[in-house]
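My notes follow in the order I made them.

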Amino acid sequence: MARNRVKLPSMVKQVQNALDEKLAIGESKHIDKINGETQNKIYSWETYRSYMKHCNYFTKWAKEQYGCKSIEQCRPYVDEWLKSRSEKGLSAYTQKLEASALAKMYGCSTKDFIKTDIRHRADISRSRGEKVRDRHFSEEKNKELVNFCKSTGLRRAELKALTGDKLLEKNGQYFIKVDSGSKGGRYREAPVIENVKEVVERMQRVGNGKVFEKIPNGADIHAYRSCYATILYNSLARPKEEIPYDKINRGTGHKYQSQVYFCQKDLKGVTYDKVAMLEVSRALGHNRISIIAEHYIRG
């Protein structure tokens, strides 16, 4: 008698099911970090879609190479896949992304996989140099959008969702209330810097309506956020010599500046003011100051 076999869903569906179990849209990543509960959670749709794409690349490869029919059967080949991606010349950032995606799908840590290449800031290609899409976007014709971005540091999704009633004034300083489209659903108040009058007038002019009906695909929003971060940091940072030697090294007994951030790897020798970095990080909607040093502040 033939046995009844349970038909497995497609590999794509299996990937989706595995990642769907990790969705935590609207939950507080900050609180989960404090409680050490972030490993098996995905906090944004953007991350979810990115993980889906890269997990599907892997399972398709495993199916073609080894005839795998389930994501469990694919698991032993993760290291081989990641190694092949390095050999193909994928950037260290993409390798790390793929490792993170697979770790999320399998509910483990990237430390369980082969080590990916070391990431260097000099290797970052996003928002550096002219891209093909940039040729179809005129910053001159979209000057108001570009200035608005450089003055507020909002993400693309946040700009799309922004309405004029999100303008806030505190003691003569204007802020943008970001409560829609933000990463992880986190609320923040982003200070408006430079072109303040232009930003305020546009917000007030549209009232409760959208500030921008459409954000052109060619607009390099990340580059404008970087510009915003750099300007804001430079306005807040203290000269290194003015930062106090406020801590004592237990081993040597020497005083040191605990509020000075020392960059590593290809930025070794560069220092930043941690207090200013934290303010910039919060303004951009991030928590870790290392992200600001690696991806945003430009010398």
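Entry 1. I asked how α3 and α5 lie to each other, and they are roughly perpendicular. The axes of α3 (residues 45-66) and α5 (residues 78-87) cross at roughly 110° and come within 11 Å. I take axes as lines fitted to C-alpha atoms, for helices over the stretch in contact, with angles from 0 to 180 degrees between N-to-C directions. Angles of 65 to 115 degrees count as roughly perpendicular, under 35 as roughly parallel, over 145 as roughly antiparallel and the rest as oblique. Helices (H or I, at least four residues) and strands (E, at least two) are DSSP runs, numbered from the N terminus.

This is a predicted model, in which local features need pLDDT of at least 70 and side-chain atom pairs count only at pLDDT 80 or more, while totals for chains, interfaces and linings use all residues. Residues are numbered from 1 along each chain as its sequence is written, and side-chain values use heavy atoms, with hydrogens and water left out.

I then listed the contacts (heavy atoms within 4.5 Å). From α3, Tyr57, Phe58, Trp61 and Tyr66 meet Val78, Glu80, Trp81 and Arg85 of α5. By class, this contact has six nonpolar, two charged and no polar residues. Ala, Val, Leu, Ile, Met, Phe, Trp, Tyr, Cys and Pro count as nonpolar, Asp, Glu, Lys and Arg as charged, and the others, Gly among them, as polar.

Entry 2. I turned to α1 (residues 11-20), whose axis comes within 9 Å of that of α3 and crosses it at roughly 140°. The two helices are therefore oblique to each other. On the α1 side I found Met11, Val12, Val15, Gln16, Leu19 and Asp20, which meet Tyr48, Tyr51, Met52, Cys55, Asn56, Thr59 and Lys63 in α3. The contact of α1 with α3 has eight nonpolar, three polar and two charged residues.

Entry 3. I looked up α7 (residues 143-152) and α9, whose axes come within 10 Å and cross at roughly 110°. That makes α7 roughly perpendicular to α9. Glu144, Asn147, Phe148, Ser151 and Thr152 in α7 meet Glu198, Val199, Arg202, Met203 and Arg205 in α9. I sorted the residues of this contact into three nonpolar, three polar and four charged.

Entry 4. Which residues of α11 (residues 274-284) are buried? I noted Ala276, Met277, Val280, Ser281, Ala283 and Leu284. Seen down the axis of α11, they fall within an arc of 160°, so they line one face of the helix. The arc is that of the directions from the helix axis to the C-beta atoms. Buried means under 20% relative accessible area, exposed over 50% and partly exposed in between (1.4 Å probe, protein chains only). The cover over these residues includes β3, α10 (221-236), β6 (260-262), β7 (271-273) and α12 (289-295).

Entry 5. I checked Glu158, which is found in α8 (residues 156-161). Glu158 is buried, with a relative accessible area of 2%. Leaving out residues up to four places away in sequence, Glu158 touches Val178, Ser180, Gly181, Ser182, Lys183 and Arg188.

Entry 6. Most residues other than glycine have a negative phi. I noted Asn171, with a positive phi near 50°, in the loop between β1 (167-170) and β2 (173-178). Asn171 counts as exposed at 86% relative accessibility. Glu194 also has a positive phi, of about 55°, and lies in the loop between β3 (188-191) and α9 (196-206). At 46% relative accessibility, Glu194 counts as partly exposed.
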